[in-house]
Every structure is written in C-alpha cells, then in structure tokens.
Amino acid sequence: MHMVTHALVLREVNYKESDKILTVLTRENGKMTLSAKGCRKKGSAIAAASQLLVWSEMTLYEYQGRWAIKEANTDREFAGMRGDLEKLALGCYFAEMAELLAVEDVPSPELLSLLLNSLHALDKLDKPPALVKAAFEWKAMCLAGYEPVLDGCAICGDEPEQPLFNLSEGVLHCPACREEVGEGISMPLTLAALSAMRHVAYGDPKRLFSFQLDEQSLQQMGDTCEAYVLTQLERGFGTLDFYKQMALQP
C-alpha cells in the first residue's frame, strides 16, 4: 500500500547505522511515525526531507507495520530561519509543542497551518521572534481545546480597566473580582496586550502576526502566553529552555 502526502518533520531519532525514525505532521493524517531507511547514507535521495523542520511531499509505503519513506521532494527548508540560532531554537520549540498537542492519525490541518505560518514568519517576515512565539503559543492552545475566555471579566462581565488573566482557570478578570476567580496565579496585562491576545484567539488566522506592541505589552503578552502553556500542559520543554539561553546571548 502506498500513500502520497505532504509532511513536516517534528522530531528525528537516529536508528541503526543509517536510518531515522521520524515524527511528522501531515494535513490529512495528522501526526505520523515514519521510517526513513538509509537517509543517513551519503547521497541518499531522502536525506534532505528527513531533516527536522523540513516540509516535503513524500511517497510512503507500508513496511513491517510502519509507514516508510519511498520518495521525497523537499518544498521548504526555511533556510533563513536555520541561519539564525535563536530562530532555529524557537522553531524547534514550536515543533516539540505541536508534537505534544497533535494526536496520532487524527487530522490536524489548523495546527499544521499554524506551525507552517509560524516557521514562515521566522524565516521571511520582519517580526520579533518574541511576537511570533507568543502568537504561536496562544493560538496553539486555542486549537488544542484550551481556548481562554477573554471577552470580559469572567465574574462581573465588565470590560476590565486593569485586566488580569488567571492561568489555572484561563479567564480574564478585574482586580476587584480576584477572590471569586479561584486559586492560581493571575498575571497583569496592558490593554494593548489584551487586544493583541484577542486578535490571535479570535481573529483571522491569515492575519495572525499583523499586530504591533510596545516593549512592555509584548513582554506581558509573552510571559502570560508561555505561563499559560506550562500551567495547562503541566510540563516544561527542553527546546524552550534552549531558546531562552539563545535569546539571552548578546
């Protein structure tokens, strides 16, 4: 049995002397595990397509109960992102998070589009990596079923003048309503940061990165989005730690 699909490599693990086991994300079949036999041999025709964060058209065949790559044509390697270690580290974080959120053999077209658009933003768009990071985290959580409530205070319903976002409950609230929200940390947001978060959560996905923020607002949005991911998913990411190390270097 054969299958032709486009796939983005989320994870690669060396196997035997010249093979790899790949975790990829496809539009039609969601997350898949593939065998890339001989891809580490010199001159392998599938070597480029078997690299992390490469988008390719693949012809697959069934081999010993697992899909294996027969042929592959590379479409995007995101070379501009690969030439910047900070951006590459951020792209790897996106891939690790997407691998966690995607489900094996369940189509994830919106998550795949988000991931490809975010990699394109790092590769080609003149956007701060911190802005792309915050938008990806926020939108990915929305797509995965963790969509926050941002249209008003979750307690009184008013539009907060000094908005706070509760990480455990995933809701917006006023300072006066803090005790009624529940336990957990509530993080402050500027009105500009809140507007940007609403844009990402509820706006046109094709205009995901079409916003600008002052330094303070971007910092607050970034801190809140990252903290929400870590709180809701109850785990950290090694690629996120590495990205932070790269971002701190002069």
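Q: Which residue is the bridge partner of L34 in β5?
A: W67 takes that place in β5. This is a predicted model, where local features need pLDDT of at least 70 and side-chain atom pairs count only at pLDDT 80 or more, while totals for chains, interfaces and linings use all residues. Residues are numbered from 1 along each chain as its sequence is written, and side-chain values use heavy atoms, leaving out hydrogens and water.

Q: What makes β3 and β5 a pair?
A: Two strands pair if DSSP finds at least two bridges between them. β3 and β5 have 2 bridges, so they pair by that rule. The sense is parallel. (Strands are DSSP runs of E, at least two residues; helices are runs of H or I, at least four; both are numbered from the N terminus.)

Q: How many bridges join β2 to β3, and in which sense do they run?
A: There are 7 bridges, and the two strands run antiparallel. L25 stands opposite K31 in β3. With 3 residues between them, β2 and β3 form a hairpin. In general, strands of a sheet pair through backbone hydrogen bonds, either parallel or antiparallel.

Q: Why is β3 called largely enclosed?
A: Because 6 of its 7 residues are buried. Buried means under 20% relative accessible area, exposed means over 50%, and partly exposed is in between (1.4 Å probe, protein chains only).

Q: What do the strands build together, and in what order?
A: A closed barrel of 5 strands, running β1-β2-β3-β5-β4, with mixed pairing. From one strand to the next, the twist averages 50 degrees. One of the antiparallel pairs is β1 (residues 2-15) with β4 (residues 55-63), joined over 7 bridges. A7 has S56 as its bridge partner in β4.

Q: Which strands does helix α2 touch?
A: Helix α2 (residues 85-101) packs on the sheet, touching β1, β2 (19-26) and β3 (30-36); contact means heavy atoms within 4.5 Å. Its direction makes about 115 degrees with that of β1. Helix α3 (residues 109-124) also packs on the sheet, touching β1, β2, β4 and β5 (66-76), at about 65 degrees to β1. Axes here are lines fitted to C-alpha atoms, for helices over the stretch in contact, and angles run from 0 to 180 degrees between N-to-C directions.

Q: How do α2 and helix α8 lie against each other?
A: α2 and α8 (residues 238-248) pack at about 165 degrees, with their axes 8 Å apart.

Q: Is the crossing of α2 and α8 left-handed or right-handed?
A: Left-handed. That term means the near helix is turned anticlockwise from the far one by less than a right angle; clockwise would be right-handed.

Q: Why does D19 count as buried?
A: D19, in strand β2, has 7% relative accessibility, so it falls in the buried class. Its neighbours in contact include V13, N14, A36 and R40. D19 and A36 are 17 residues apart in sequence, yet their C-alpha atoms are 5.6 Å apart in space.

Q: What does the side chain of D19 reach at 2.8 Å?
A: The backbone nitrogen of G38. The D19 side chain also makes a polar contact with the side chain of S18 at 3.4 Å. A polar contact is a pair of N or O atoms within 3.5 Å; within protein, one must be able to donate a hydrogen and the other to accept it, and residues adjacent in sequence count only if both atoms are side-chain atoms.

Q: How do you know which class S186 belongs to, buried or exposed?
A: S186 sits in strand β8 (residues 186-188). Its relative accessible area is 18%, so S186 is buried. The S186 side chain makes polar contacts with the side chains of N166 (3.2 Å) and R178 (3.3 Å).

Q: What makes H199 partly exposed?
A: H199, in helix α6 (residues 191-202), has a relative accessible area of 21%, so it counts as partly exposed. A polar atom of its side chain lies 2.7 Å from the backbone oxygen of R207, and the backbone oxygen of L208 lies 3.5 Å from a polar atom of that side chain.

Terms used:
Lists of a residue's contacts leave out its neighbours within four places in sequence.
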